[in-house]
Amino acid sequence: MPESDVPGPELLKTVLEPLLEDFQYWFTRSRHFLETERLSFMSEQEQSDLLLRVQQAQDELNTAKMLFALTGEKVGLDMAIITPWHQLVTECWNVAMRFHQARGV
């Protein structure tokens with residue numbers, strides 16, 4: 001990739017750092033939700049599988065954050081990494097909305 005196509009560290013820090021923090025927030029919140037609530041519209045295995053996927057995504061995210069910090073915030077993430085995280089967060093939002101609708105909240 002030519003040097004001119006590489007985003008500067010300021011851009012990476014401005015865009016990527018808050019994005020990683022958002023993923024951290026939503027994965028933590030989703031994990032807590034899945035660990036503390038019993039979802040009647042999912043089997044225990046489905047809920048356990050979703051929780052496992054959130055835990056795995058958190059591990060990936062922690063690794064990405066560590067690499068970002070260790071490289072002096074000079075490394076980005078491929079969309080092939082970010083897209084599944086976004087899909088997982090969206091899935092968790094949908095599960096939480098369904099849970100709250102079922103409870104009338």
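These questions and answers cover the salt bridges of a predicted model.

Student: How many salt bridges does the count come to?
Tutor: The rule asks for a side-chain nitrogen of Lys or Arg within 4 Å of a carboxyl oxygen of Asp or Glu. By this rule, the count comes to 3.

Student: Which residue meets the side chain of Glu21 in a salt bridge?
Tutor: The N to O distance in this pair is 3.2 Å. The partner of Glu21 is Lys65.

Student: Where do Glu21 and Lys65 lie, and how many residues apart are they?
Tutor: Glu21 sits in helix H1, residues 9-36. Lys65 sits in helix H2, residues 44-70. The pair therefore links distant parts of the chain, and the separation is 44 residues.

Student: Is Lys65 buried or exposed, or does it fall in between?
Tutor: Buried means under 20% relative accessible area, and exposed means over 50%. Lys65 has 23%. So Lys65 counts as partly exposed.

Student: What separates Glu35 and Arg31 along helix H1?
Tutor: Glu35 forms a salt bridge with Arg31, with the closest N and O atoms 3.2 Å apart. The two are 4 residues apart in helix H1. That separation is about one helical turn.

Student: Which residue forms a salt bridge with Glu91, and in which helix is that partner?
Tutor: The closest N and O atoms of this pair are 2.6 Å apart, and the partner is Arg53. Glu91 is in helix H3, residues 79-103, 38 residues from Arg53. The helix that holds Arg53 is H2.

Terms used:
Residues numbered from 1 in each chain as written. Predicted model: local features only at pLDDT ≥ 70, side-chain atom pairs only at ≥ 80, totals over all residues. Heavy atoms only, no water. Buried < 20%, exposed > 50% of the residue type's maximum accessible area, 1.4 Å probe, protein only.
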